[in-house]
Amino acid sequence: MDREQQLTEAFVSPVDTLSEDVDPPTSLRRLVDHCVRLTPMDAAGVMLANTLGRLRPVVATDDRAAVTELFQAQIDEGPCVDAYTTGIPVHVVDFAAHEERRPAFVPVARAAGHASARALPLQVRGQRIGALDLLSRTVTPLSSSDTALLRGLAGVATAAVVTWDRDPVRPTDIATRSHAALSAKALPDTAAGMIAATEDIPPREAARRLRAHSALHHRRPTDVAEELVRRRMEVAAVMDPAI
């Protein structure tokens, strides 16, 4: 399997949450395996927060990574804890330079054979649910492309966890969701028609303006479209010349 195929598999397989034989640990196990396969890091794991907001290990690619994650959870110290607490990715290029900052964690991590770490928060809509942990046996700086890849995979992990449902999807659920998706398209189409008629521009350009305005303001196009259709927003609001 070439790298392009590996990347496709990495982003598709963890979010297969509709399969009856897939649960969050299965999805997360696939995720950490892909992280190790596609980056210079040697081990990976995922920790999720319990109802009290304390991190607990879920999966790890090997025993040494599992022990390192368990220790982070027990002492509430380490890259995963920092990433989860702050919501900001943490990159410890060399553990040897961080013993003073993490006096309890670093000696244990180094004893387990780790020299470098990268941790990314798992979060959706500002709510953090855990952290993705990458570990390396050598001092390992990451390229910008590696960092972007890990950020994307962290998003995949979050989606896999928050969209999973213990109950199998029923045929009626599938039909309902399909119809909802179709309805979600109708509103933007109507709004784009309003924009096109009001501003005397082609419908395709009107739809682009609607999407651009939504992206700029971090809103769903369907929500913006509904405001336009219900006259709670003026058409001129989406005609910013900058977009």
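The chain has an average pLDDT of 85, and 83% of the residues reach at least 70. Confidence within the chain is highest in α4, at 94, and lowest in helix α1 (residues 3-12), where the mean is 67. Where pLDDT is low, the predicted coordinates should not be read in detail.

Strand β1 (residues 43-49) pairs with strands on record here as β5 and β2. With β5 (residues 127-136), β1 runs antiparallel and is joined by six bridges; one of the residues involved is Ala43, whose bridge partner in β5 is Leu135. With β2 (residues 55-60), the pairing is again in the antiparallel sense, this time over five bridges, and here Val46 has Val59 of β2 as its bridge partner. The hairpin formed by β1 and β2 leaves five residues between the strands, and Gly53 in this hairpin adopts a positive phi near 80 degrees.

How enclosed is β1 by the rest of the structure? Six of its seven residues are buried, so β1 is largely enclosed by the rest of the structure. Buried here means a relative accessible area under 20%.

Turning to helix α4 (residues 79-86), the buried residues include Pro79, Cys80, Val81, Ala83 and Tyr84. After α4 comes Gly87, which has a positive phi near 75 degrees. A reader stepping through this part of the model can take note that α4 is also where confidence is highest in the chain, at 94.

Note on methods
Residues are numbered from 1 along each chain as its sequence is written. This is a predicted model: local features need pLDDT of at least 70, side-chain atom pairs count only at pLDDT 80 or more; totals for chains, interfaces and linings use all residues. Side-chain values use heavy atoms; hydrogens and water are left out. Buried means under 20% relative accessible area, exposed over 50%, partly exposed in between (1.4 Å probe, protein chains only). Helices (H or I, at least four residues) and strands (E, at least two) are DSSP runs, numbered from the N terminus. Two strands pair if DSSP finds at least two bridges between them. pLDDT is the predictor's confidence in each residue, from 0 to 100.
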